[in-house]
Amino acid sequence: MSPVPALMMKAAREFLGLSQDDVAAVSGLSRKTIQRVEKGIDVDKHYVAALRRFYVDQGITFLPPRDGAGWGMLNSNMKGEGSSLNGLAKIPPTRRKKPTV
């Protein structure tokens, strides 16, 4: 299993239509950890694997480079017209504090 590049981890989240806060609320990883993975900052490989596993469980298939082509991905949630980008029924509200004006 090839390590997925940071940019592809971010693209997977966006392909699912999720924010970093959404992923943090559902995956159990902190938003800070997700940010670090997406920026390619040195993060324990356990967290990178957990985030990859979360995306795979949500329907993402990472396609490693082959035949001169770069990385790619598929979203198995997009099987028909009117399909949702992700299979999550409800995402818990964010725990992040809203800025006061």
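The cover over the buried residues of helix α3 includes α1, α2 and α4, where contact denotes heavy atoms within 4.5 Å and buried denotes under 20% relative accessible area, exposed over 50%, and partly exposed the range in between (1.4 Å probe, protein chains only). Helices (H or I, at least four residues) and strands (E, at least two) are DSSP runs, numbered from the N terminus. The model is predicted: local features need pLDDT of at least 70, side-chain atom pairs count only at pLDDT 80 or more, and totals for chains, interfaces and linings use all residues. Residues are numbered from 1 along each chain as its sequence is written, and side-chain values use heavy atoms, with hydrogens and water left out.

The buried residues of α3 are T33, I34, V37 and E38. These residues lie on the same side of α3, because the arc that they cover around the axis is only 135°; the arc is that of the directions from the helix axis to the C-beta atoms. K32 and K39, on the other side of α3, are exposed. T33, a residue of helix α3, counts as buried because its relative accessibility is 15%. Leaving aside residues up to four places away in sequence, T33 touches V43 and Y47. After α3 comes G40, with a positive phi near 75°.

The protein contains four helices and two strands, arranged from the N terminus on as α-α-α-α-β-β. Of its 101 residues, 30% count as buried. Among contacts between residues at least 6 apart in sequence, 54% join residues at least 24 apart.

The largest nonpolar core comprises 19 residues, and M9, V23, L51, Y55, I60 and F62 have the most contacts inside it. A nonpolar core is here a set of buried Ala, Val, Leu, Ile, Met, Phe, Trp, Tyr and Cys residues joined through side-chain atoms within 4.5 Å. At least two residues of this core come from each of α1 (6–15), α2 (20–27), α3 (31–39), α4 (45–57) and β1 (60–63). The most is given by α4, which supplies four residues. With residues up to four places away in sequence not counted, F62 touches V4, M8, M9, A12, R52, Y55, V56, W71, G72 and M73.

In α1, the buried residues are M8, M9, A12 and R13. Their arc around the axis is only 145°, which puts them on the same side of α1. They pack against α2, α3, α4, β1 and β2. The residue G17, which follows α1, has a positive phi near 75°.

Helix α4 has 13 residues, which at 1.5 Å a residue should span 18 Å; the end C-alpha atoms are 18 Å apart, so the two values agree. The expected span of a helix is 1.5 Å times one less than its number of residues. Buried positions in α4 are A50, L51, R52, F54 and Y55, and the buried residues of this helix pack against α1, α2, α3 and β1. At the start of α4, a side-chain oxygen of D44 comes to within 2.7 Å of the backbone nitrogen of H46. Just after α4, G59 adopts a positive phi of about 110°.

Strand β1 presents I60 and F62 on a covered face and T61 and L63 on an uncovered one. It is joined by four bridges to strand β2 (residues 72–75), and the two run antiparallel; strands pair if DSSP finds at least two bridges between them. G72 in β2 is the bridge partner of L63.

The loop between β1 and β2 contains D67, which has a positive phi of about 50° although it is not a glycine. Most residues other than glycine have a negative phi. D67 counts as exposed because its relative accessibility is 73%. In the segment after β2 lies S76, which is partly exposed, with a relative accessible area of 37%. S76 and Q58 are 18 residues apart in sequence, with a C-alpha to C-alpha distance of 8.5 Å in space.

How values were computed: Polar contact = N/O pair within 3.5 Å; in protein donor to acceptor, adjacent residues only side chain to side chain.
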